[in-house]
Amino acid sequence: MTGPAAARLALLLTLGALLLAPLWLPPYHHYVLTLILLNVITVVGLALVMGFTGLVSLGHAGFVAIGAYATVLLTRAGLSYWMALPAGVLLSGCIGYLIGLPALRLQPLYLATVTWGFGQSVWLIALNWVSLTNGQNGLKMAAPALAGRPLAPEDLYWPVLAVAVGGLLAAYRVTKTRPGRALMALRESEVAAMTLGVSARAYKTLAFALSAIYAGSAGGLYVGVVRYINPDNFPFHVSLLYVTMAVVGGMGSLAGAVVGATMLTGLPELLRGFVEYRELIGGVLLLAFLVFVPHGLVGIFGPRIRASHRVPMPPQAAGVPAPSGPVASGDGRSPGPGTAARAEWLRITEVTKTFGGVVALDQVSLVVAPHTIHGLIGPNGSGKTTLFNVVTRLEEPDGGAITLGEHDLLSCPADRLAALGIARTFQNLEVFPRLTVLENVLVGMHARLPVTMTSAVLGTPASRRAEAEARAEALRWLAFVGFQGDPAVPVGTLPFARQRAIELARALAVRPRLLLLDEPSAGLTFGEVEELARVIRRIRDELGTTVILVAHTMRLVFGLCETVTVLDHGIKIAEGSPLEVRRHPEVIRAYLGPSELPATASGGAT
Ligand code: ADP
Ligand code: MG
């Protein structure tokens, strides 16, 4: 039996056992199973925020408490349990969204503090707002009823099971599609994710809201089972326990969330004698796992799991040379929709950028013609990367104007540029190391892939089709840059030159009309530079993309570029054809040195 088939069988058997659990489990164990499923719901939600997005939350018990208290209070106000529960979940989601807002600006440690404070505040409110919550004495809730008949506590097992399974399925779909990739991309490199069109603001708050919806559901369902709450249900160490469950199972993995929640709920409950030591056991486990098993229990089996999810290479991409026609013709269109029609000039006008006393760019003006390769050279520290950062909106210039065709780029936020058809690579390589090769390239399609959080959760046919087409296109981009290997391995495990190629494929997946390449040849061997030159030429000739190329490899620049601009100390000192620039006395003095002179022009040296 193949890996995926075995996994599917195991999943079906587990589901069958869960469905039949009331028949074969003694009542107490059945109750423990219900608690396990409730914690699975919360910890899967926590994994979305912590594991996938990389934002620490030390206050998830607060969201559980909000779901629980809201459900109880609304039923006491006369609503049926089945109306109160979704309302409580919604409230928890809204508060999650608000808690996610500071996540946009705060360093991880401060964010952890904010979430901790949030959890404490909920607890203090539950304890002290006596007129609402009855304080320490807690609140009772009437048994939820179905068709006028009150349900026994064990009947709530079914909705709990349904939400746990549905929640897991939804989380699985999210993490395997566009929204989940966006979350992981933010975790790996926020800057790169933004340049590919991922809105950090939208996705971080969305992650928190979604996570709070999970926790709120667990809280609302929990009171359906026990019909009573008080503040003691949600002290700080419960939040820590959730974190421990996520860490022990393996952060960044849904299976890890399930394993962690199951172990840490099940074991102490079944070994009742240890109950007083639960916090101690939890704390020691957390520390031990963070130090010795950083990828959690699931991580120990990780390689095997990953291998079983390997993406099959379609025949046209499996190791064969790149297609000679337009690369993205699979959807019946030319690579960039209407590339020729979008032939627009990039105009950089008197742009200045200073860092404290350093003038990185001094009134630099530059015009780049469509469908050309424009070289940008100059000594280290002359402002080339800063110019890229200003154009891609990662740095705010002190003055000047930048337009691409009709578009005023300075009025666009960084995460809107991918949609305009602007993509870049980074001098210091900004791949998403823990994402697979294929996922890296897929993030490049973020801005134009019609898969929303909702359509991903629902797994709509349209979203599945869009994802399947995106995968096929991503493989074509990988073939275009000459990547021949397994697209299912994490990029961080590959050699440097391969990572460079994948970063380029990811930028091409934007289908850019303007592509900025920041020292793509740095660190490559002679042969690899030759291959890169071929690829860059094809980007201009076959895709019609305008390229700005920063490189110190003069062979590459003078061999490829129509026009070359030379910067020195933030000042444009020369511009022209490769031949003109090579002869320019200022350029020879500041950068090239006499050795780069063509033999016929050696008399021009000063
Ligand atoms: P290049 O890419 O041509 O090597 P850079 O654009 O990286 O040059 O740097 C230009 C100048 O601006 C350098 O003096 C550099 O130290 C300075 N600089 C660039 N980025 C920053 C920054 N974020 N903070 C302070 N100084 C910076
Ligand atoms: Mg640089």
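This is a short tour of a predicted model, with stops to select one after another.

Before you start, note that local features need pLDDT of at least 70 and side-chain atom pairs count only at pLDDT 80 or more, while totals for chains, interfaces and linings use all residues. Residues are numbered from 1 along each chain as its sequence is written, chains are lettered from A and ligands numbered from 1 in the order in which they are written, and side-chain values use heavy atoms, leaving out hydrogens and water.

**Stop 1: ligand 1.** Select ligand 1 together with F355, V358, A360, P379, N380, G381, S382, G383, K384, T385, T386 and E395, which surround it (each has a heavy atom within 4 Å of the ligand). This shell divides into four nonpolar, six polar and two charged residues; here Ala, Val, Leu, Ile, Met, Phe, Trp, Tyr, Cys and Pro count as nonpolar, Asp, Glu, Lys and Arg as charged, and the others, Gly among them, as polar. Helix α17 gives the most, with three residues. Helices (H or I, at least four residues) and strands (E, at least two) are DSSP runs, numbered from the N terminus.

Now look for polar contacts, pairs of N or O atoms within 3.5 Å. A polar side-chain atom of T385 lies 2.8 Å from an oxygen atom of ligand 1. A backbone N or O atom of G383 is 3.0 Å from an oxygen atom of the ligand. Taken alone, ligand 1 exposes 560 Å², and the protein buries 61% of that (areas by the Shrake-Rupley method with a 1.4 Å probe).

Stop 2: T385 sits in helix α17 (residues 384-391) and Q427 in the loop between β10 (422-424) and α19 (437-443), 42 residues apart.

**Stop 3: R227.** Select R227, in the loop between α11 (200-226) and β4 (228-229). Is R227 buried or exposed? At 13% relative accessibility, R227 counts as buried (under 20%; exposed is over 50%, partly exposed in between, with a 1.4 Å probe and protein chains only). Its phi is near 60°, a positive value. Most residues other than glycine have a negative phi.

**Stop 4: E350.** Finish at E350 in strand β5 (residues 346-355). E350 has a positive phi too, about 45°, but is partly exposed at 46%.

How values were computed. A polar contact is a pair of N or O atoms within 3.5 Å; within protein, one must be able to donate a hydrogen and the other to accept it, and residues adjacent in sequence count only if both atoms are side-chain atoms.
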